[in-house]
Amino acid sequence: MISQSSFIIFPMLFLRLLLLATLSLLVSCASSKRTTEDYYDGPRAIFANGQVIAPRGAPATVHRAVAAANEIQAAPYAYGGGHGSQSNGLDCSGSVSYVLRHAGLLESSMPSSSFRKYGRSGQGKWITVFARPGHVFMTICGLRLDTSSRGTGIGPRWTTKPRATKGFSVRHPSGS
């Protein structure tokens, strides 16, 4: 025999389960929409007139990375550019490789898919690399260096615009 209290308990249990399922969906949807802004909470670099200045107190490797990225701001996009052969421009992995090599954080250039296993997993304190097959970009002190920030045919450029990171492996150089 079912008591009157059972008629009250079952609907309440059902409502609680429904609420829990709804909340879990909301949390999973929110976490899948992470952007580059979600990966840095330190002092921001200063961005002015297409050039960046690293924050005071940043390590020398970060200052070297910023200086290297500033050097290539006018470079055009060239598929395969920056990987040892003569080229008139840089591609995404050539750009990231160039910056990391000049900062002393990489020995030789790598293709974008290799960056999925570069350094250590997760965000870095100062530098974070985002890699997937076919594309790689990086953030330094919260600013993004990317070849796809302003359309096709444009080489590496600084941008303050956040980018969705779904599908990218998030890595960082050891010690950064």
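Is I154 buried, exposed or partly exposed? I154 is partly exposed, because its relative accessible area is 26%. The classes are these: buried is under 20% relative accessible area, exposed is over 50%, and partly exposed is in between, with a 1.4 Å probe and protein chains only.

Before moving on, note that this is a predicted model: local features need pLDDT of at least 70, side-chain atom pairs count only at pLDDT 80 or more, and totals for chains, interfaces and linings use all residues. Residues are numbered from 1 along each chain as its sequence is written, and side-chain values use heavy atoms, leaving out hydrogens and water.

**Stop 1: around I154**

Stay on I154. It sits in the loop between β6 (143-146) and β7. Strands are DSSP runs of E with at least two residues, helices are runs of H or I with at least four, and both are numbered from the N terminus. Setting aside residues up to four places away in sequence, I154 touches Y77 and T147; contact means heavy atoms within 4.5 Å.

**Stop 2: helix α2**

Select residues 60-71. This is α2, with 12 residues. From first C-alpha to last it reaches 17 Å, close to the 16 Å expected at 1.5 Å a residue; the expected span is 1.5 Å times one less than the number of residues. Colour V62, A65, V66, A68, A69 and N70: these are buried. An α-helix has 3.6 residues a turn, so residues three or four places apart point the same way. Next, show what the buried residues of α2 pack against: β2 (51-53), α3 (92-102), β4 (127-132), β5, β6 and β7.

**Stop 3: helix α3**

Go to α3. Nine of its 11 residues are buried, so α3 is largely enclosed by the rest of the structure. Among them are C92, Y98 and L100. The buried residues of α3 pack against α2, β4, β5 and β6. Then click G104, which follows α3 and has a positive phi, near 80°.

**Stop 4: the rings**

Select Y39, F130, F137 and F168. Ring pairs link these into a cluster. Rings of Phe, Tyr and Trp (its six-membered ring) pair if their centres lie within 6.5 Å; planes under 30 degrees apart are stacked, over 60 edge-to-face, and the rest tilted. The count comes to four aromatic pairs. Zoom in on F137 and F168: this pair is edge-to-face, 5.1 Å centre to centre, with 75° between the planes. F137 lies in strand β5 and F168 in the loop between β7 (157-159) and β8 (169-172), so the pair ties together parts 31 residues apart in sequence. Both F137 and F168 are buried.

R34 lies over the face of Y39, 4.2 Å from the ring centre. R144 lies over the face of F137, at 5.8 Å. The rule: NZ of Lys or CZ of Arg within 6 Å of the ring centre and within 35 degrees of the ring normal.

**Stop 5: T139 and the strands**

Pick T139 in β5 (residues 135-140). At 3% relative accessibility, T139 is buried. Its contacts, beyond four places in sequence, include W126, F130 and R144.

Finish on β8. It pairs antiparallel with β4 over three bridges; pairing needs at least two DSSP bridges. There, F130 has V170 as its bridge partner. Strand β3 (residues 120-121) also runs antiparallel to β8, joined by two bridges. Here R120 partners H172.
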